[in-house]
Amino acid sequence: MKVVAQRESLAEMVQLAQAVCPGRSARPILENLLLECRDGTGVLMATDLEVGLRLHVPELEVEVPGTTLLPARTMLALLRELTDEEIRLESQGDRLLVLGEKSEFQFPTPDAMEFPEVPDYQAESYHAFTARNLSEMLRRTEYAVETEGTRFNLGGVYLELGDEKVMAVGTDGRRLACQEGQARRVGGHRPSEDVIIPRRVVEIIQRILSRESDDQEVKLAVEDGKIFVITPLAVVSGRLVDARFPKWREVFPKAPEKVRVDLPVREFASATRQASIVVDEKNPGIVYTFSSGKLVLSGRGASHGESRVELPIGYDGEEAMVRLNQRFILDFLKVLGDEGTFTLKIWSEESPVLAETSDGYAYLMMPLVLGNN
């Protein structure tokens, strides 16, 4: 194989692919990337056997087709240090040559034939999203999934794929985030299994989507327990979580709420951060007290003292109190951005608290016991 590559373009692709490679593996070959050059095009592949990534390498001049392995971390470090606009890659048996205008590097490489297959998908049956829509749905739910690994069915983002509507859901049992979005069913795409995308696969998908234009069509397909996300740049594949997702709609309160108030994102986030400065592990959570015209936030720490922050709000109902995990609140506010408002609904001191936005986003949190503060 002999190719000429634009160094900056190749460096960007190697950086993307290297995120899939395991840092250390019982199979050292997985710490490499497979570069396959055919018919004037190049595809860079990476896998850790759970996630697969195929990247189209732009601005590649193929002189002699072929395949070779690239040592991922070493190659990325080299491409960042070189200053050449173009570099030449040549595969010679068990060696890879990287040639600049005034530099030459040789790397020993394993046999490319031993690299695991990284699946491709020629999508005829799929759901079509815009890159922005899919990215936002994942971003607004990923942070709420189970991270401790004890409940496998909560260890990823769950998707409900309808004809034109899609719902993404993430939960760890103490909070739940769900986002409605638009998608178009193509070719009768109807997955038979629960579509739970592991968090690591979500992270890789997000990296790819961040490099596509907002209105770019993205295809999402499910087949034989795997998910495929196809963009002009890449194909991401990954195993779905093999479990049943809980009946998440049943956790939403059915009775009319006691408190309903619209809150400004920026000011509410600032007040929460201020009140949480004194909070510690022995006294977690912020107490939110709603009364006519104002919201009082109070916190307490075993060694840092107490806090009290007052925020004017447009509320004229009866007084109500609820104690919430400040991290859960701030995680929610972070994905909204600073502008705009959201609606907070409270039923009682012990019932779930619901935060909603006008664009189909809902966030449910279990409160903490008031008496501990």
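Q: Is Arg200 buried, exposed or partly exposed?
A: Buried means under 20% relative accessible area, exposed means over 50%, and partly exposed lies in between (1.4 Å probe, protein chains only). Arg200 has a relative accessible area of 30%, so Arg200 is partly exposed.

Q: What kind of model is this, and how are residues numbered?
A: This is a predicted model, in which local features need pLDDT of at least 70, side-chain atom pairs count only at pLDDT 80 or more, and totals for chains, interfaces and linings use all residues. Residues are numbered from 1 along each chain as its sequence is written, and side-chain values use heavy atoms, leaving out hydrogens and water.

Q: Where is Arg200 found?
A: Helices (H or I, at least four residues) and strands (E, at least two) are DSSP runs, numbered from the N terminus. Arg200 is found in helix 4, residues 199-209.

Q: Which residues does Arg200 touch, leaving aside those up to four places away in sequence?
A: Contact means heavy atoms within 4.5 Å. Arg200 touches Ala19, Val20, Cys21, Asp48 and Val51. Take Asp48. In sequence, Arg200 and Asp48 are 152 residues apart. In space, their C-alpha atoms are 11 Å apart.

Q: What joins the side chains of Arg200 and Asp48?
A: A salt bridge is a side-chain nitrogen of Lys or Arg within 4 Å of a carboxyl oxygen of Asp or Glu. Asp48 and Arg200 meet in one, at 3.0 Å from N to O. The pair links distant parts of the chain: Asp48 sits in the loop between strand 3 (41-47) and strand 4 (51-57), and Arg200 in helix 4. Asp48 has 17% relative accessibility, so Asp48 counts as buried.

Q: How many salt bridges are there by this rule?
A: The count comes to 27. One of them joins Arg211 and Glu12, at 3.4 Å from N to O. That pair also links distant parts of the chain, 199 residues apart: Arg211 is in the loop between helix 4 and strand 16 (217-223), and Glu12 is in helix 1. Arg211 is partly exposed, with a relative accessible area of 38%. Glu12 is partly exposed too, with 35%.

Q: Which salt bridge does Arg139 form?
A: Arg139 pairs with Glu136, and the closest N and O atoms are 3.8 Å apart. Both residues lie in helix 3, 3 residues apart, which is about one turn of the helix. Salt bridges can also share partners: Asp172, Arg174, Arg175, Arg327 and Asp331 are joined that way into one network.

Q: Now the sheets. What is the order of the 5 strands in the open sheet?
A: Strands of a sheet pair through backbone hydrogen bonds, either parallel or antiparallel. Two strands pair if DSSP finds at least two bridges between them. Here the order is 5-1-7-8-9, with antiparallel pairing. Strand 5 (60-64) and strand 9 (104-108) are the edge strands, each pairing on one side only. Inside the sheet, 5 bridges join strand 1 (residues 2-6) to strand 7 (residues 86-92). Lys2 has Glu90 as its bridge partner in strand 7.

Q: At what angle does helix 1 run to strand 1?
A: Axes are lines fitted to C-alpha atoms, for helices over the stretch in contact, and angles run from 0 to 180 degrees between N-to-C directions. Helix 1 (residues 7-18) lies across strand 1 and strand 7, at about 95° to strand 1. Helix 2 (residues 72-81) packs on the sheet as well, and its direction makes about 170° with that of strand 9.

Q: Which strands stand at the edges of the open sheet of 8 strands?
A: That sheet has the order 15-11-12-13-26-25-24-19, with antiparallel pairing. Strand 15 (195-198) and strand 19 stand at the edges with a single partner strand each, so one side of each is left without a neighbour in the sheet. The twist averages 20° from one strand to the next.

Q: Is strand 24 mostly covered or mostly uncovered?
A: Strand 24 (residues 341-346) is mostly covered, with 5 of its 6 residues buried. Strand 24 pairs with strand 19 (residues 259-264) over 6 bridges. A hairpin of 6 residues joins strand 24 to strand 25.
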